[in-house]
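Please have the sequence and the 3D view open as you go.

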Amino acid sequence: MSAPRALGHPHPWPAPGKLNLFLHIVGRRPDGYHLLQTAFQFIDLCDELNFWQRPDGVIERVGEVAAVPADSDLALRAARVLAARHGVRAGVGIELRKRLPIQGGVGGGSSDAATALVALNRVWRLDLAVDALAELGLALGADVPVFVRGQSAWAEGVGERLTPADFPAPIYLLVQPDVTIATAELFQAAELTRDSPLITMTGFLAAGGRNDFEPVVRQRYPAVADALDWLGLVAPARLTGTGSCVYAAMPDEATAREKLARLPARWRGYVVRGLNRSPLLERARLEEAQDGTAR
C-alpha cells in the first residue's frame with residue numbers, strides 16, 4: 001500500500017491561539033447576540049493541521065483527538081462548508097494535532113477552522129480573497145475572521161468588525177486551571193455586565209480595560225479565581241475570552257519560566273509570546289512560493 005500523500009507542501013499548517021487583551025460587553029442585539037469590544041492578539045502556541053489526499057467527495061478526519069469528537073471538529077466543518085459553497089469535488093483528510101487548551105478561551109476551534117479555510121483555499125486553488133474567506137468563517141464562529149486575516153486587531157460588533165492593530169507583544173505566562181467552562185452558560189448569566197461604556201483603542205492603550213466575564217467566572221468557578229490570584233502575585237492577571245485560561249504579561253522569559261516552575265501540579269502552564277502577525281500567513285506564503293516554483 002502506498003503512503004498517504006500530503007496536499008501541498010508537507011510542512012504542517014499552524015493554528016495559533018489568541019488572547020483577549022480586554023473584553024467589554026457593550027450591548028445586545030434584538031436577536032440576542034451580545035455586542036462587544038475586544039483586542040485580539042495571537043500567541044505562538046499553536047495547533048497543527050496536515051491535509052492529505054482522499055478520493056473525490058471524501059472529507060474526513062485522519063486520526064483521533066480524544067477531546068474533540070469529529071462531529072464537533074470546526075476544521076472538518078470548515079472544509080465541508082468551503083467545498084459545498086464552491087463546488088469542490090476533491091476530497092481531503094484532515095489531521096489535527098491539538099496543543100491549545102480546549103475550552104480555554106484561546107480560540108482553538110476557531111483557529112483550526114480558519115487554518116482549514118486558508119489552507120484549502122490554497123491547495124484547492126480556489127483563489128478566494130481574504131474577505132470572502134472571512135465572511136465564510138463568520139458563519140462558523142465570531143472569532144474565525146480574525147484568524148483568517150492573520151493580524152492582531154481591535155474588534156467590535158459581535159467580534160466581526162476588525163481594525164488591524166499592533167499591540168505590545170510581551171512574553172506571557174498562560175495558565176489553564178483544572179476546569180472547563182461552557183461559554184453559552186456565561187453569556188446567559190443574569191449577573192453579566194452588558195452595558196459597559198464604549199472606549200477607543202487609544203483609550204485602551206493608555207488606560208487598559210477589563211474582562212466583563214471575569215467577575216462571573218470568579219464566582220462560579222473557584223479554580224479560575226485561585227489561578228487569577230496566584231498569577232496576580234507576580235503581575236496583573238486576566239481571563240481570556242470566557243476562560244478557563246488566565247494569563248499575565250511577564251517582564252522576560254526567565255521570569256516566566258521561573259514562575260512556571262512553581263505552578264501548582266493541578267494546573268497546566270505555558271510560556272508563550274504575543275504575536276501581531278499569525279504564523280499562518282508565513283505558512284500560506286510558503287505554499288504560494290512552492291506553487292509558483294511548480295508552475
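**Helix H3 and its neighbours**

Helix H1 (74-85), helix H2 (108-123) and helix H4 (144-149) are what the buried residues of H3 pack against; contact means heavy atoms within 4.5 Å. This is a predicted model, where local features need pLDDT of at least 70, side-chain atom pairs count only at pLDDT 80 or more, and totals for chains, interfaces and linings use all residues. Residues are numbered from 1 along each chain as its sequence is written, and side-chain values use heavy atoms, with hydrogens and water left out.

**The buried side of H3**

- In H3 (residues 130-138), Leu133, Ala134, Leu136 and Gly137 are buried (under 20% relative accessible area, 1.4 Å probe, protein chains only).
- These residues lie on the same side of H3, because they cover an arc of only 160° around the axis (taken from the directions from the helix axis to the C-beta atoms).

**H2 against H3**

- The H2 and H3 axes come within 10 Å and cross at roughly 140°.
- That angle makes H2 oblique to H3.
- On the H2 side, Leu117, Val118 and Asn121 make the contact, and on the H3 side Leu133, Leu136 and Gly137 do.
- Four of the residues in the contact of H2 with H3 are nonpolar, two are polar and none is charged, with Gly counted as polar.

**Thr240**

- Thr240 sits in the loop between strand E8 (238-239) and strand E9 (246-250).
- Thr240 is buried, at a relative accessible area of 0%.
- Not counting residues up to four places away in sequence, Thr240 touches several residues, including Lys18, Gly104, Asn211 and Tyr247.
- C-alpha to C-alpha, Thr240 and Pro16 are 14 Å apart in space, and they are 224 residues apart in sequence.

Key:
Buried < 20%, exposed > 50% of the residue type's maximum accessible area, 1.4 Å probe, protein only. Helix = DSSP H or I, 4+ residues; strand = E, 2+ residues; numbered from the N terminus. Axes fitted to C-alpha atoms, helices over the stretch in contact; angles between N-to-C directions. Parallel < 35°, antiparallel > 145°, perpendicular 65-115°, else oblique.
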